[in-house]
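Thanks for coming. I will go through a few strands and how they pair.

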Amino acid sequence: MIQTVTGMIHPSELGICAAHEHLSIDRSHRQQDPDAVLGAGDPLREELAAYRQAGGASLVEVSNVGMGRNVRVLEKLSRASGIRIIAATGFYKEPYLPEWTRGWDRERFACHMVEEVERGIDGRGIWPGVIGEVGSSCDQITDREQAVLEGAALAGRQTGLPVTTHTTLGTMAVEQVRLFEGMGLPPDQLIIGHQDLNRNRNHLMEVVRSGAYVGFDTVGKERYCSDHRRIEELCFLFDKGYGFQILLSADLTRKSHLRQNGGPGYDYLLRVFVPALRAAGFSEQELELMLKENPARAFARRKGESA
């Protein structure tokens with residue numbers, strides 16, 4: 001089963017799913033930029049309506065503690081739009097780790113995540129369906145980030161929830177895989193994020209060979225990587241037989257990312273990128289694999305150690 005903000009659903013009900021998005025996020029306190037905020041209101045409802053009209057049925061919202069997560073906003077947006085939203089538990093990366101967690105070890109981080117899974121988020125009667133996005137910095141995993149990542153692995157093993165990660169500009173993906181392997185988290189319970197930004201194909205291959213899912217989840221962000229290159233890398237992975245491990249999304253985090261503000265919008269994935277994939281020769285079966293079948297498997301809850 002899969003836990004959404006409005007209740008449990010069977011994986012077959014997930015439909016077309018954007019695997020790594022934000023609807024309630026606030027990083028403005030660190031970035032000193034009012035653009036780095038998304039929240040409730042008509043603009044988001046309109047954006048989600050466009051996503052649904054394009055064929056979208058669900059999305060995974062990976063904002064967590066320290067990122068401005070507001071699960072009541074997610075619940076309201078889900079009910080208003082009809083989009084199934086999967087909320088997250090966890091902590092992000094430095095410098096977004098709350099000061100009150102300073103000194104926490106992996107067991108303390110894990111305890112917090114498990115408590116939200118078992119008791120709900122902030123006592124609001126809403127339960128997370130994924131652990132994440134837990135992350136690492138560019139070209140390094142700091143000591144505090146390692147404690148968070150290891151805590152996420154412990155929480156994933158205990159609860160059976162999938163773990164989804166952030167890799168800054170695609171770096172440290174191999175190191176993340178090895179960390180989770182060392183912690184005993186099954187590879188098919190792990191999603192390594194932002195691998196469309198990974199410029200090292202050998203590292204990308206090591207990640208998929210591990211059995212973990214990979215997120216091509218910054219679609220449309222041409223500042224970081226062209227969609228043309230994303231499509232080339234997807235072709236490469238399918239040719240190598242790893243199409244069943246790929247998840248797609250756009251990772252919108254700013255007001256300027258909204259379509260009504262001149263950005264790509266949540267529907268960009270389906271409105272622009274999917275037609276480009278078709279033009280590149282991807283079959284409808286391959287598209288359905290990335291958009292429906294892979295998310296249904298990746299976000300289904302496993303039997304945890306506490307079950």
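In β13, the residue bridged to V214 is I246. Two strands count as paired if DSSP finds at least two bridges between them. β12 and strand β13 (residues 246-248) run parallel and are joined by three bridges.

This is a predicted model, in which local features need pLDDT of at least 70 and side-chain atom pairs count only at pLDDT 80 or more, while totals for chains, interfaces and linings use all residues. Residues are numbered from 1 along each chain as its sequence is written, and side-chain values use heavy atoms, with hydrogens and water left out.

Back to V214. Opposite V214 of β12 stands I192. Strand β11 (residues 190-192) pairs with β12 over two bridges, in the parallel sense. Between β11 and β12 the chain passes through helix α7 (residues 201-209), and this β-α-β crossover is right-handed. Right-handed means that, with the strands pointing away from the viewer, the path from the first strand over the helix to the second runs clockwise. β12, helix α8 (residues 227-239) and β13 also form a right-handed β-α-β unit.

Are the faces of β12 buried or exposed? Y213 and G215 on one side, and V214 and F216 on the other, are all buried, that is, under 20% relative accessible area with a 1.4 Å probe, protein chains only.

Now another sheet. β3, β6 and β7, in that order, form an open sheet with parallel pairing. β3 (17-21) and β7 (84-86) are at the edges with a single partner strand each, so one side of each has no neighbour in the sheet. Strand β6 (residues 58-61) pairs with β7 over three bridges, and S58 has R84 as its bridge partner.

Definitions and conventions: Buried < 20%, exposed > 50% of the residue type's maximum accessible area, 1.4 Å probe, protein only. Helix = DSSP H or I, 4+ residues; strand = E, 2+ residues; numbered from the N terminus.
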